[in-house]
Amino acid sequence: MSSLATSPSQDIISPPAEAAVYDRYAQAAGTFEPALCCPVQYSKEFLEVIPDEIIQKDYGCGDPTPFVRPGETVLDLGSGGGKLCYIAAQVVGRDGRVIGVDCNQEMLGLARKHAPTVAEQLGYANVEFRYGLIQDLALDLDALAVELSESPVNDPAGYLALRHAEERLRRDCPLVPNDSVDCVLSNCVLNLVRGQDRRCLFAEIFRVLRSGGRAAISDIVSDESVPDRLQQDPELWSGCITGAFREDEFVRAFEDAGFHGIEIVKRESEPWRTVEGIEFRSVTVVAHKGKQGPCLERNQAVIYRGPFKAVNDDDGHTFQRGERTAVCDKTFRLLQQEPYEGMFDAIEPRNEIPLEDAKPYACRRSANRDPRETKGHEYDATITRPNDLCDGETCC
Ligand SMILES: C[S@@+](CC[C@H](N)C(=O)[O-])C[C@H]1O[C@@H](n2cnc3c(N)ncnc32)[C@H](O)[C@@H]1O
């Protein structure tokens with residue numbers, strides 16, 4: 001059974017829990033709610049331009065912004081008051097852009113209210129906030145509101161027409177298009193999404209990222225499965241507690257969605273809350289998109305440096321420490337980028353196979369590459385490296 005289906009109770013989470021989430025964050029946009037606050041240290045330098053109201057109404061549990069790069073397009077899921085977006089705006093700079101998505105009009109109102117002040121302080125405006133559900137990032141809820149006002153739903157025929165309208169909006173003017181984002185962020189929101197929507201949620205994160213992009217997500221996880229009774233408690237659910245993913249299932253959700261290079265970059269040792277002996281703590285996970293695509297043979301190999309005897313990647317390869325493992329061109333490139341940088345030695349063939357001549361490669365075989373394959377069977381050079389730079393004693 002897949003990780004997203006292992007908590008049957010999450011599949012029947014009651015509509016009141018969703019309503020509780022809406023009501024609670026609508027209120028928390030107006031009046032700071034201390035119970036929703038999990039203390040986080042953000043880089044002070046980025047807080048200077050952010051208005052106090054936004055800093056105070058912080059309902060996050062971690063800081064994924066160190067994984068944002070200058071010039072990138074960033075999407076923040078469940079942007080709340082906008083603090084993460086305003087931090088990311090400074091990291092990406094005037095050439096980058098930041099989009100916050102939230103389904104709560106009051107939170108959107110709070111975030112948007114301060115956009116002109118932040119833009120004035122920065123000297124550029126590169127942040128916008130959009131109205132949508134993070135498990136359905138194609139559907140623009142503002143556009144849907146226009147449809148509904150023009151064609152209110154009064155009967156089943158109206159309902160069917162609405163479904164067609166939704167599909168049209170998703171297709172023709174998606175809230176967040178495919179492959180359009182470099183970095184997806186989120187801070188303490190995924191746990192609020194209903195169990196039955198979680199597979200879509202991860203599929204959506206994957207869809208909007210371009211190949212080579214990454215998701216950096218801070219969220220609350222549990223160390224044990226949460227009993228149904230606690231999940232059905234609207235107060236505990238909306239308080240970012242009992243909707244928490246179990247920590248192993250959280251990581252597996254990224255695997256199931258097709259990510260690679262998935263890393264727990266931060267895991268608080270102390271729980272934020274403990275309920276009936278179950279510990280709830282903040283983690284930050286970073287996951288990359290880009291292992292999909294054709295496998296082409298270009299006679300390349302990699303050597304895993306250690307320290308483990310062997311490692312498996314998210315694409316089904318096993319790398320034995322110190323051995324020349326044959327890889328396709330895609331894997332060869334992937335293993336030289338983050339998060340694998342420095343773990344492998346990359347071995348190019350002596351005679352390069354041009355990309356246009358490369359043949360398909362059976363990537364799953366995890367075979368070794370004979371050095372003769374790399375160098376060419378006719379290669380028989382004998383080379384002594386010049387020693388004019390040596391001091392005669394210690395030099396290799
Ligand atoms: C715990 S707050 C975190 C806010 C913000 N990320 C921060 O760090 O302060 C959760 C936010 O996610 C929003 N939210 C909850 N479920 C959502 C969903 N399914 N789609 C979009 N936004 C959602 C809420 O409206 C709220 O603004």
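Two residues are said to be in contact when heavy atoms of each lie within 4.5 Å. The model described here is predicted: local features need pLDDT of at least 70, side-chain atom pairs count only at pLDDT 80 or more, and totals for chains, interfaces and linings use all residues. Residues are numbered from 1 along each chain as its sequence is written, and side-chain values use heavy atoms, with hydrogens and water left out.

The protein chain contains 14 helices and 16 strands; helices (H or I, at least four residues) and strands (E, at least two) are DSSP runs, numbered from the N terminus. Its C-alpha trace spans about 80 × 50 × 50 Å along the principal axes. Of its 396 residues, 51% count as buried. Buried here means under 20% relative accessible area, exposed means over 50%, and partly exposed lies in between (1.4 Å probe, protein chains only). Among contacts between residues at least 6 apart in sequence, 76% join residues at least 24 apart.

The buried residues of α6 pack against α4. In α6, which covers residues 115-122, the buried residues are Val118, Ala119 and Leu122. Seen down the axis of α6, they fall within an arc of 100°, so they line one face of the helix; the arc is that of the directions from the helix axis to the C-beta atoms. An α-helix has 3.6 residues a turn, so residues three or four places apart point the same way. The face of α6 turned away from the buried side carries the exposed residues Pro116, Glu120 and Gln121. After α6 comes Gly123, with a positive phi near 90°.

The interior can also be described through its nonpolar cores, each a set of buried Ala, Val, Leu, Ile, Met, Phe, Trp, Tyr and Cys residues joined through side-chain atoms within 4.5 Å. The largest nonpolar core has 59 residues, of which Val74, Val98, Leu185 and Phe280 touch the most other members. Helix α4 gives the most to this core, with eight residues. A second, separate core of 32 residues includes Leu190, Val208, Leu209 and Phe245. Leaving aside residues up to four places away in sequence, Phe280 touches a set of residues including Ile220, Val226, Ile241, Pro271 and Trp272.

On a 1 Å grid over the protein atoms alone, a cavity is a set of points where a 1.4 Å probe fits but cannot get out, and a pocket is an open set with protein on both sides within 12 Å along at least five of seven lines; lining residues have an atom within 4 Å of a point. Grid points are joined across faces, edges and corners, and a volume is the space filled by probe spheres set on the points.

The largest pocket holds about 790 Å³ of space. Of the 36 residues that line this pocket, Val21, Asp102, Cys103, Leu133 and Val189 are the closest to its centre. The elements that give two or more residues to the lining are α1, α4 and β2, and α1 gives the most, with five residues. The second largest pocket holds about 370 Å³. Its lining has 18 residues, of which Val311, Asn312, Tyr340, Met343 and Phe344 lie nearest the centre. Strand β7 gives the most to that lining, with three residues.

A search of the whole structure finds one cavity of 30 Å³ or more. The largest cavity has about 50 Å³ of space, and its lining residues include His260, Lys291, Asp313, Thr331 and Tyr340.

The peptide bond from Gly306 to Pro307 is cis, with omega near 20°, and Pro307 is in the loop between β11 and β12. The bond from Glu338 to Pro339 is also cis, with omega near 10°; Pro339 lies in the loop between α13 and β15. Cys240 is not a glycine, yet has a positive phi of about 65°. This cysteine, Cys240, is buried, with a relative accessible area of 2%. Glu276 likewise has a positive phi, near 50°, but Glu276 is exposed, with a relative accessible area of 54%.
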